[in-house]
Amino acid sequence: MPTMTLLQAISDALRYEMRRDERVFLLGEDIAEFGGAFKVTKGFVEEFGKQRVINTPISEAAIIGGAIGAALNGLIPVAEMQFMDFITNGFNQLVNVAATTAYRWGLPVPIVVRGPVGGGMSAGPFHSRSAEAWFAHTPGLKVVFPAFPADAKGLLIAAIRDPNPVLFFEHKGLYRKIREDVPEGEHFVPLGKARIVRPGTDLSIITYGRMVHIALEVAARLEDEGASVEVVDIRTLVPFDEATVFDSVQRTNRVVITHEATLTAGFGAEIAARTADKAFEYLDAPIRRVAAFDAPVPMAPSLEQAMLPSAEKLLDTCRQVLEY
Amino acid sequence: MADVVETAEIPAITPTKLLNDQQRVALLRWMLHARIFDEVTIRLYRQGKMFGSVFAQIGHEAISVGSAAVLQPEDAIFPMHRDLGAHFVRGVPLRTIALNHLARQGSMMRGTDGTGHYADPQRKLYGNISHLGAMIPVAVGYALAAQLKGEPIVVLNYIGEGGAQTGEFHEGLNFAAVRKAPFVLIIENNQYAYSTPTTEEYACKKLSDRAIGYGIPGETIDGTDVERVYEATFYAVERARNGEGPSLIEAICMRMRGHAEHDNASYVPRELLEYWKKRDPLLRYQRFLVENGILSEAEIQQMRHEIEAETVRVLDEVLQLPFPPAEEAFKNVFL
Ligand SMILES: Cc1ncc(C[n+]2csc(CCOP(=O)(O)OP(=O)(O)O)c2C)c(N)n1
């Protein structure tokens, strides 16, 4: 098995699907000869030509709307947002057109909108956002947020083959940081299945995206303190794998939920509410959340580090829950 | 509604060589269908028997009918909210239209939405959503896919002059132009966006002038002359089919009713309505057909009575139907 970064695994999934299915094509800003701002599609135009790797004007509504129309006409578009922050300019297309088409027309809209998200790079308020909760709140959209290269490949393949619109969030801080063995060729990870990335017995950390790696770091440190911490990577927000999460909570009886997105009305609130609703009797401590401070993502490293959830904050919260 | 009005003030139709008399009769029939659907639903609305809004398209019939009639069955059409005529041209049965409009059991949208918002993929008709402008990029994407697949189809899309002020109008049309997509956009300029007159909507002389900025052909035409609309659309569609890219057509008309039937349009000057009354697309065409011996007044009357009887019957039947069962609300959020 080749070793790949998250970014290479995403490229690999796109290339694999484009070779397998002629209907799959890409559109986005600077994605052709230039290979995209992060080089996810480097070399693609050489292999697939400019008809299937389409450079677009800076028109997010046209990119996403165009993808929807192409999907209605039988193709499978994968649209790249240069930064997921700019998805706001195509918001109408996602929440009003894509998300309602199955419901109103019974027609599939097999599009994927993917791109880099997340903070930690001093990129400021407009290149650092975690925007997944907006879309999780819109029925009709699937929301995927991988933490590992192999999952990224398998989930992106599943997203491309899904008949529904799928938003695929790629934390840019993980693009070149995480490396692991990734299956060559076919690799399908179904949407809606969480994964226990570290088993434990005393506490469950429920998380996704970049915070999975911070949770693993925290779990290792707590092991030195004698606590056995389980880390559950939900991998997809919609559909949400309640079974795996509740099963974990029922075994450990303590839960901390963490994500990089801001706290209020974040997806952690949804997980907490459902856990309280369905697994209340199993809990030995209050459900706690660790998320970003409710503010735009600031630029100066001193501010950004203070605003984003850190290993220290997560560690502290886990200790409190363990000691409760 | 008056029939053929004898008045010299009605401007003549500019006949096109592209149409034969049989096609002309078909155009009239579709325009009558659209007009009568409005008349009947307005009546029902006043009687409190309608469901939802009635966005009458009286004054627009020549645009939707004259342009949709150009298309081949494999071409796709993305109408706006005053294009019922195009639905008839595409062959959607009256009953299907009524079921969708009234969100009754048996509607293609299962009661999830109403009016002309439905899609009929067999007839390659994709309705609008309420958000004005939203369907322009979608229609462009549909055209783009045809281009990628090498299918020689054309996509015809419509927008009001109000909707033409959205960002999606610009993004969609520019993208279509850059890709030379087989796409034709018709702006139905009916002088008002709800209560807002065109002087408060845009500052250019003609909306078709925008075409220059996109590097595509643009033309402003009389949208109440069905043959003029047919001809302009014909050449734009031919151009798109030949791979020469999109065109923009601005068709001028008047919204002869309120924005919807709740609105008495008191903000529209009476003289303006008087002016446009003489340019009623249906009356103009009826007169043309009679003067040229294509149909007699009696034949037109007969056609009108048949369509009216059918429309009343179908709407009455559909209004008796129940709304879809509640469990439909929980289906198809995802496929
Ligand atoms: C994006 C958006 N904003 C506002 C509205 C509310 N609205 C519905 S129709 C309309 C006027 C539309 O004018 P125009 O596009 O010229 O079409 P017309 O109704 O005159 O045929 C408005 C403001 C809407 N549907 N969508």
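Tutor: Strand S4 (residues 76-80) and strand S5 (residues 112-117) of chain A run in the parallel sense and pair over 3 bridges, where strands are DSSP runs of E with at least two residues, helices are DSSP runs of H or I with at least four residues, both are numbered from the N terminus, and two strands count as paired if DSSP finds at least two bridges between them. Within this pairing, A:Glu80 has A:Arg114 of S5(A) as its bridge partner. This is a predicted model, in which local features need pLDDT of at least 70 and side-chain atom pairs count only at pLDDT 80 or more, while totals for chains, interfaces and linings use all residues. Residues are numbered from 1 along each chain as its sequence is written, chains are lettered from A and ligands numbered from 1 in the order in which they are written, and side-chain values use heavy atoms, with hydrogens and water left out.

The two strands belong to an open sheet of 7 strands in chain A, whose order is S3-S2-S4-S5-S7-S6-S12 and whose pairing is mixed. At its edges lie strand S3 (53-55) and strand S12 (236-238) of chain A, each of which pairs on one side only. From one strand to the next the twist averages 20°, an angle taken between lines fitted to C-alpha atoms, in N-to-C directions and on a scale from 0 to 180 degrees.

Chain A is divided into domain 1 (3-181) and domain 2 (195-323), with bounds that come from an automatic or database domain assignment. The centres of these two domains of chain A, taken over C-alpha atoms, are separated by 26 Å. In chain A, 27 residues of domain 1 are in contact with 26 residues of domain 2, contact meaning heavy atoms within 4.5 Å. Between them, domain 1 and domain 2 of chain A bury about 2000 Å², 62% of it on carbon and sulfur atoms; buried area is the accessible area (1.4 Å probe) that two parts lose on being put together, summed over both. Of the area that domain 1 of chain A buries against domain 2 of chain A, A:Ser122, A:Phe145 and A:Phe148 supply 24%, more than any other three residues.

There are 2 salt bridges between domain 1 and domain 2 of chain A, a salt bridge being a side-chain nitrogen of Lys or Arg within 4 Å of a carboxyl oxygen of Asp or Glu. A:Arg235 forms a salt bridge with A:Asp151, their closest N and O atoms being 2.9 Å apart. Because A:Arg235 lies in the loop between strand S11 (229-233) and S12 of chain A, and A:Asp151 in helix H6 of chain A, the pair ties together parts that are 84 residues apart in sequence.

Turning to the other chain, 39 residues of chain A are in contact with 42 residues of chain B. The area buried between chain A and chain B is about 3200 Å², of which carbon and sulfur atoms give 63%. A:Tyr103, A:Arg104 and A:Trp105 supply 24% of the area that chain A buries against chain B, more than any other three residues. Across the interface of chain A and chain B there is 1 salt bridge, and B:Asp113 forms a salt bridge with A:Arg104, with the closest N and O atoms 2.9 Å apart.
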